[in-house]
Amino acid sequence: MPDKKAGALAADRSSLGHKVRYALRNPARVVPYASRALRDAALRIRHRGDHVSYYRAVMASDTARDPKAAVGSQSEKRWLALGQMQFDYLVGHGLSPEHRLLDIGCGNLRAGWRFIEYLDEGNYYGIDISPDILASATDVLAERSLQAKLPHLTLTRDLTFSFLPEGRFDVVHAHSVFSHSPIEVVDEALANVGRILAPKGFFDFTFDRTEGAEHHVLREDFYYRTETLVALAEKHGLAARFMDDWEELPHGQSKIRVSAE
Ligand SMILES: C[S@@+](CC[C@H](N)C(=O)[O-])C[C@H]1O[C@@H](n2cnc3c(N)ncnc32)[C@H](O)[C@@H]1O
């Protein structure tokens, strides 16, 4: 497993020491972080114990400000580049136009619009917990003149995939979704994805990797060890492979591919 960012991989971002050092290095970020922490604390009280409702409220607040920033891109240029990176990687690693693709946490189609353009009509299925970001996704569809491709965009409240047919998807993709998910949500997805995967199908997901203690920041960003996620996939009868060449790309997260073998 390449070690592209040894310092970052060891850091515990939830520790006070890390926060103080970070604040000293980035004084301009202290006030925005404090206001985000206050907002998130209020949202966590309102949605006590229900991560999906909490994160949906985070997305509603972020999307109202700027839909592209809500999915993690601070500019149009970065939004386009991050979508291109996902698209190029997946096409280079097995995606073909006739495949049926499920995009979990599709957001406002940062990569999705490129998948929709590339895939045969009706073969793209995007799901998300946030109605606000899905509304923004429909704007992107219209802006890109992709109506005739008839993609499916569906609001979901969990990752059981219970409304989707068995053996349907050649490719399942989740970019920057488990990086915002507690382990119960990841577990639910891995417990259920096998049912909807086609016989030779695979599921690629990114995650925020740590080689130290697993931790989270504001219950918005979750850091996992690779072996935790590999073991979880194996517990659900899936084979898991760390995607080494994704590490070479200019992206902070890591990627795992799981398949039913
Ligand atoms: C950082 S954005 C990434 C969006 C998209 N995958 C992309 O790369 O542009 C994370 C997205 O995942 C969605 N999300 C978070 N948790 C989810 C869950 N448990 N199920 C489905 N979607 C989820 C959020 O609403 C948000 O749209």
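**Overall fold, core and ligand shell of the predicted model**

The protein contains 10 helices and nine strands (DSSP runs numbered from the N terminus, with helices being H or I of at least four residues and strands E of at least two). Its radius of gyration is 18 Å, close to the 18 Å given by the globule rule for 261 residues, so the protein is as compact as a globular protein of that length (the radius is taken over C-alpha atoms, and the rule is 2.2 Å times the number of residues to the power 0.38). The structure is a predicted model, in which local features need pLDDT of at least 70 and side-chain atom pairs count only at pLDDT 80 or more, while totals for chains, interfaces and linings use all residues. Residues are numbered from 1 along each chain as its sequence is written.

Along the principal axes, the C-alpha trace spans about 50 × 40 × 35 Å. Of the 261 residues, 36% count as buried (20 or more other C-beta atoms within 10 Å of the residue's own; exposed, 12 or fewer; partly exposed, in between; C-beta atoms placed from the backbone). Among contacts between residues at least 6 apart in sequence, 67% join residues at least 24 apart (contact: C-beta atoms, placed from the backbone, within 7 Å).

The largest nonpolar core has 53 residues, of which Leu101, Ile104, Val172 and Val193 touch the most other members (a core is a set of buried Ala, Val, Leu, Ile, Met, Phe, Trp, Tyr and Cys residues joined through C-beta atoms within 7 Å). Apart from neighbours within four places in sequence, Val193 contacts Phe161, Val172 and Phe203.

An unreviewed UniProt entry places the feature "domain: Methyltransferase type" at residues 102–203 (positions follow the numbering used here, feature names are shortened, and annotations may be inferred rather than shown by experiment). This stretch is 33% helix and 25% strand, with its end C-alpha atoms 9 Å apart.

The ligand is surrounded by 24 residues, the closest being Gly105, Gly107, Arg110, Ser130 and His175 (a residue is near if its C-beta atom, placed from the backbone, lies within 6 Å). Helix H4 (51–65) and strand S2 (124–128) are the elements giving two or more residues to this shell; H4 gives the most, with three. By class, the shell has 13 nonpolar, nine polar and two charged residues (nonpolar: Ala, Val, Leu, Ile, Met, Phe, Trp, Tyr, Cys and Pro; charged: Asp, Glu, Lys and Arg; polar: the others, Gly among them).

Thr226 lies in helix H10 (residues 226–235) and counts as partly exposed because it has 16 C-beta neighbours inside 10 Å.

Terms used
Two residues are in contact if their C-beta atoms, placed from the backbone, lie within 7 Å.
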